[in-house]
Amino acid sequence: MGLLDGLKSALGIKAEADATRDADPDDLFGMSTAYLTMEAELGYAPTGDAALCFADVDSTDFRDAIEEVEAILEAGEVETGTTAEFTSDDHGYQWVVLHDEAFEDLVTSIHFAADTLIEARYGSRLLAAVFAFEHERDGGLVYWIYSFRRGAFYPFAPDDRTEHERDSAAEFKLESNLNGELTVESDKEYWYPLWPDRAGDHPWE
């Protein structure tokens, strides 16, 4: 199974078939308290980056929905200072990448973007929301990923000492400390790694 097939399976087609419940973007608000636990108990601080990943649709109606998302985020930038950029990866998936030092604003903006697509009846195109954290001591990056098809979070901790290897110990530590505060995916088959195009970059880069 290739990288693209794996993503479709874990966050898309198979996840939709095996969905335990409808995804609820309100789940994302769990990160508003979870990030405090990440910092206080585990030494991981938000990097100031988060992103929404979705599959594209070749239709005018979908483009209108994306333009509405852009307008909402542009209006929000004036109030909160959250900046947004729209990009695509090598696998053909679209990303809304947000930057803000105020973590709560990142969560709110991701929720707005996801909720807008759901209201436009494109919720089935949503794949994942990604929140980035950096260890205060060694600078290691970890992520909490929310799968819209599964309605649950899971940790992703790339091992920066090797290419395309995961730090399983870090992931299990994140799970044990945040399970209960977040709805954590119980089936680790769906803990799909979102590898960046280049080592040391975020998954959307």
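1. The largest nonpolar core holds 60 residues, and the ones with the most contacts inside it are Met31, Met38, Leu52, Phe131, Phe133 and Trp144. Strand 4, spanning residues 126-135, gives the most to this core, with 8 residues. Bear in mind that this is a predicted model. As general background, nonpolar side chains tend to be buried together in soluble globular proteins.

2. Leaving out residues up to four places away in sequence, Phe133 touches Met31, Tyr35 and Met38, then Tyr44, Ala45, Pro46 and Thr47, plus Phe103, Gly140, Leu141, Val142 and Trp144. Two of those partners, Met31 and Met38, are also among the residues with the most contacts inside the core.

3. Next, have a look at Gly48, which sits in strand 1 (residues 44-55). Its relative accessible area is 6%, so Gly48 counts as buried, the cut-off being under 20%. What does Gly48 touch, not counting residues up to four places away in sequence? The list is Leu98, His99, Asp100, Glu101 and Leu106. Asp105 is 57 residues from Gly48 in sequence, yet the C-alpha to C-alpha separation is 9.8 Å.

4. Finally, Asp89, found in the loop between strand 2 (83-88) and strand 3 (93-99). Is Asp89 buried or exposed? Buried, because its relative accessibility is 11% and the limit is under 20%. Its side chain reaches the backbone nitrogen of Gly92 at 3.1 Å, and the Asp89 side chain also makes a polar contact with the side chain of Trp95 at 3.0 Å.

Technical notes. Residues are numbered from 1 along each chain as its sequence is written. This is a predicted model: local features need pLDDT of at least 70, side-chain atom pairs count only at pLDDT 80 or more; totals for chains, interfaces and linings use all residues. Side-chain values use heavy atoms; hydrogens and water are left out. A nonpolar core is a set of buried Ala, Val, Leu, Ile, Met, Phe, Trp, Tyr and Cys residues joined through side-chain atoms within 4.5 Å. Buried means under 20% relative accessible area, exposed over 50%, partly exposed in between (1.4 Å probe, protein chains only). Helices (H or I, at least four residues) and strands (E, at least two) are DSSP runs, numbered from the N terminus. Contact means heavy atoms within 4.5 Å. A polar contact is a pair of N or O atoms within 3.5 Å; within protein, one must be able to donate a hydrogen and the other to accept it, and residues adjacent in sequence count only if both atoms are side-chain atoms.
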